[in-house]
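Here's a quick briefing to go with the model you have open. Take a look at the fold first, then run through the notes below.

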Amino acid sequence: MIKVQTYEDMEVKVKWATPNPGEEIREALTNTMADLTTLKGEPVKKVSTKLLHFLVTAEHDSVLEHAVISFMIQGASRSWLAQITRQRMTSMTSSSQHYQDYGDYPFVIHKNLVNKEQIQKAFNDSLLRYTILIQQGVPKEEARQILTNAMAVNFKWTINARSLYHFMRLRMCFRNVIEMRIFCDKVFLLVQKWWPEYAKILGPPCYIDGKCNQGFMTCGRKYDKEKNISR
Ligand SMILES: Cc1cc2nc3c(=O)[nH]c(=O)nc-3n(C[C@H](O)[C@H](O)[C@H](O)COP(=O)(O)OP(=O)(O)OC[C@H]3O[C@@H](n4cnc5c(N)ncnc54)[C@H](O)[C@@H]3O)c2cc1C
């Protein structure tokens, strides 16, 4: 019996995060910049959104590497996996189709397609043939070749604040597929709880810089962070 779920069902949890990220960055900055107490309006124990924005736009962003967050993600698709793993400046561990029997994993698909007969049939067919191949002695890593991109993956993802800023800039953009944008929405809400001042500098160029950087590929829309939904 196949299990089918939607992108919205993806679970994203924070496993751990640097406890006082603002304090860590502030400490790092006092090694490199003038005493922060001399910077007008800067809080004593952390860094403001304004200063964080300055650091990333002026490319003094290596100090952000001292703040790290680790996520556990369940129920994203293998096509999402192909995209997230392009982000090299992160630490990642995923489910294995080499060592694990994939028969129990769900299929992940757009909510409008869940009940489409052709899709249900294709999923059923691929999982049935996968199971038969394994029963016939074909190794899992070869039988997997007939599984679809929709198969779910579990993923441990650890990323520092410098890399996460870069990731969210690229991936909150409307040019991304909907599954990736749903993932970013979930990450964004968790980051907002972890480090509110930093969450305010996350977003695509149209939101952060006030203008799109995609040239002729622009979508012509503007990200609405107040609604907090990039769809
Ligand atoms: C909407 C969208 C569509 C995309 N479509 C495609 C596609 O069709 N095909 C495709 O292949 N990819 C595609 N990508 C992936 C994209 O090209 C990047 O590979 C991906 O976003 C990771 O970006 P990154 O390399 O900047 O990040 P990271 O790998 O995290 O690297 C961060 C930064 O480190 C530096 N860096 C890392 N490695 C190197 C290196 N080897 N040499 C020099 N500098 C380095 C760079 O400054 C880089 O920006 C797409 C991305 C987006 C957002």
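What share of the 231 residues in the chain is buried? The answer is 45%. Keep in mind that this is a predicted model, so every value here is computed from predicted coordinates.

**Overall layout**
- The chain holds nine helices and six strands.
- If you look at contacts between residues at least 6 apart in sequence, 74% of them join residues at least 24 apart.

**Surface and charge**
- The accessible surface of the chain is about 12800 Å², and carbon and sulfur atoms account for 50% of that.
- On the charge side, you've got 32 positive and 23 negative side chains.
- The centres of those two sets sit 4 Å apart.

**Strand β3 and its partners**
- Strand β3 covers residues 68–77 and is mostly covered, with eight of its ten residues buried.
- Strand β2 (residues 11–17) pairs with β3 in the antiparallel sense, over six bridges.
- Within that pairing, valine 12 has isoleucine 73 of β3 as its bridge partner.
- Strand β6 (residues 152–160) also pairs with β3, and the sense is antiparallel here too, over nine bridges.
- For a residue-level handle on that pairing, isoleucine 69 has isoleucine 159 of β6 as its bridge partner.

**Cysteines**
- How many disulfides does the count come to? It comes to zero.
- Cysteine 173 is in no disulfide, and the nearest cysteine sulfur, in cysteine 219, is 6.2 Å away; the cut-off for a disulfide is 2.5 Å.
- Cysteine 173 is buried, at a relative accessible area of 13%.

Technical notes:
Residues are numbered from 1 along each chain as its sequence is written. This is a predicted model: local features need pLDDT of at least 70, side-chain atom pairs count only at pLDDT 80 or more; totals for chains, interfaces and linings use all residues. Side-chain values use heavy atoms; hydrogens and water are left out. Helices (H or I, at least four residues) and strands (E, at least two) are DSSP runs, numbered from the N terminus. Buried means under 20% relative accessible area, exposed over 50%, partly exposed in between (1.4 Å probe, protein chains only). Contact means heavy atoms within 4.5 Å. Accessible areas come from the Shrake-Rupley method with a 1.4 Å probe; for residues, only the protein chains shown count as cover. Lys and Arg count as positive and Asp and Glu as negative; His and the chain ends are not counted. The place of a charge is taken as NZ of Lys, CZ of Arg, CG of Asp or CD of Glu. Two strands pair if DSSP finds at least two bridges between them.
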